Amino acid sequence: MGGVSLQHPWAFAFGLLGNVISFMTYLAPLPTFYRIYRSKSTQGFQSVPYVVALFSAMLWIYYALLKSNECLLITINSAGCIIETIYIVIYLTYAPKQAKLLRAKILFPLNVGVFGLILLLTLLLSEGEKRVVMLGWVCVGFSVSVFIAPLSIICLVVRTRSVEFIPFSLSLSLTISAVVWFLYGLLIKDKYVALPNILGFAFGVIQMGLYAVYRNTTPTTAPKDVDDPMTNHGTTVKAPEHVVHIAKLGPVAGLELNTHYPVKPGMPPPMKENGKAHASVMTKGSVDKVDKATHIEQV
């Protein structure tokens, strides 16, 4: 199983290439977090993907430590732990108070409670090679559940006919990464590394195929971002991470929203003290446009 052994030069080559590709993928959200840092606001972005990525990296480090000569798995997942932790700290620094509490309810139970339980059970219920097998199947199961997540993205793309939810470069990077790690697992004869990446490759190809089909089509519905812990009972409805969608506002951007007179559809325009109509006249159509324009950052 020597991943860096000279007896497996091709395995070392693919493992090293997998480290480079995966490291670049870990760095993909940097523009998102730079925006969060500059604006001092989370801007509706989700933190759950980074919490899950941290948990996955922790699992694979534990798995690699139980085996011998799995340095390439340890290096990339150690880097992943550091990067994802930085992302989570930045998010929690600028997130609203209620959002911090909600994210903490996910972070600590998963990355402390569940990981601690897996660690305890594998140490108490198995030993030697059986422990590696038990943990290997846990890693496979979790990796498969992560790879199944793009199903929601695929359904969203088909429904909206919009490819903004699947950036082609990111899909291509994840697909290549899945191929490289599959070949690495195949060469070192580690089915726990190889099997999940078959599914990852399949979903990557599907996403790129959808991009090719819908890249020139007109979206049927406008995406909405909602990340308000005080609404929807704490749920979040949002486009997937790493997707930065900036729309230029039309005439609606010129409306004065902070009026002293609430305007409702059907009401006559508010009047100033001098008898002239107020500058910000909001008709029924403009109210709808303003509602749709919330959560779009003006850059």
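This is a predicted model: local features need pLDDT of at least 70, side-chain atom pairs count only at pLDDT 80 or more; totals for chains, interfaces and linings use all residues.

**Entry: Thr42**

I started with a loop residue. Thr42 sits in the loop between helix 2 and helix 3. Is Thr42 buried or exposed? Its relative accessibility is 5%, so I logged Thr42 as buried. Then I asked what Thr42 is in contact with, leaving aside neighbours within four places in sequence. My list for Thr42 reads Ile36, Tyr91, Tyr94, Ala95 and Pro96.

**Entry: the whole chain**

I stepped back for the overall layout. I counted 10 helices and 0 strands, and read along the sequence the pattern is α-α-α-α-α-α-α-α-α-α. The chain has 299 residues, and buried ones make up 39% of them. I also looked at contacts between residues at least 6 apart in sequence: 75% of these join residues at least 24 apart.

**Entry: the cores**

Next I went inside. The largest nonpolar core has 41 residues, and the members that touch the most others are Phe55, Leu59, Tyr63, Leu73, Leu135 and Tyr184. Which helices each supply at least two residues of this core? I wrote down helix 1 (9–26), helix 2 (30–39), helix 3 (48–66), helix 4 (71–94), helix 5, helix 6 (129–148), helix 8 (168–187) and helix 9 (191–214). Helix 3 gives the most, with 12 residues.

Not counting residues up to four places away in sequence, Leu135 touches Leu59, Tyr62, Tyr63, Leu66, Ile118 and Thr122. There is also a second, separate core of 8 residues, and I noted Ile154, Val163, Phe203 and Tyr214 among them.

**Entry: leucines on the surface**

I found a surface patch formed by Leu117, Leu119, Leu120, Leu121, Leu123, Leu124 and Leu125, with about 650 Å² of accessible area together. I took Leu124 as my example, and placed Leu124 in helix 5 (residues 97–125). The relative accessible area of Leu124 is 63%, which is over 50%, so Leu124 counts as exposed.

**Entry: salt bridges**

How many salt bridges does the count come to? I got 2. In one, the side chains of Glu70 and Lys67 meet, at 3.7 Å from N to O. In the other, Asp190 pairs with Lys67, and the closest N and O atoms are 2.6 Å apart. Asp190 lies in the loop between helix 8 and helix 9, and Lys67 in the loop between helix 3 and helix 4, so this pair ties together parts that are 123 residues apart in sequence.

Glu70 has a relative accessible area of 1%, so I put Glu70 down as buried. Lys67 is at 14%, and that is buried too, because the cut-off is under 20%. Asp190 is buried as well.

**Entry: cysteines**

I searched the whole structure for disulfides and found 0. Cys139 is buried, at 1% relative accessible area, whereas Cys71 counts as partly exposed, at 42%.

Last, I took two C-alpha distances. Gly204 is in helix 9 and is buried, with a relative accessible area of 7%. Gly204 and Leu174 are 30 residues apart along the chain, and their C-alpha atoms are separated by 6.6 Å.

For the other pair I went to Pro9, found in helix 1. How far apart are Pro9 and Leu187 in space, C-alpha to C-alpha? I read 9.6 Å, for residues 178 apart in sequence. Pro9 itself counts as exposed, at 51% relative accessibility.

Notes: Residues are numbered from 1 along each chain as its sequence is written. Side-chain values use heavy atoms; hydrogens and water are left out. Patches are made of residues with over 30% relative accessible area and no salt bridge: like charges are joined within 9 Å, nonpolar side chains (Val, Leu, Ile, Met, Phe, Trp, Tyr) within 5 Å. Accessible areas come from the Shrake-Rupley method with a 1.4 Å probe; for residues, only the protein chains shown count as cover. A salt bridge is a side-chain nitrogen of Lys or Arg within 4 Å of a carboxyl oxygen of Asp or Glu. Helices (H or I, at least four residues) and strands (E, at least two) are DSSP runs, numbered from the N terminus. Buried means under 20% relative accessible area, exposed over 50%, partly exposed in between (1.4 Å probe, protein chains only). A nonpolar core is a set of buried Ala, Val, Leu, Ile, Met, Phe, Trp, Tyr and Cys residues joined through side-chain atoms within 4.5 Å. Contact means heavy atoms within 4.5 Å. A disulfide is a pair of cysteine sulfur atoms within 2.5 Å.
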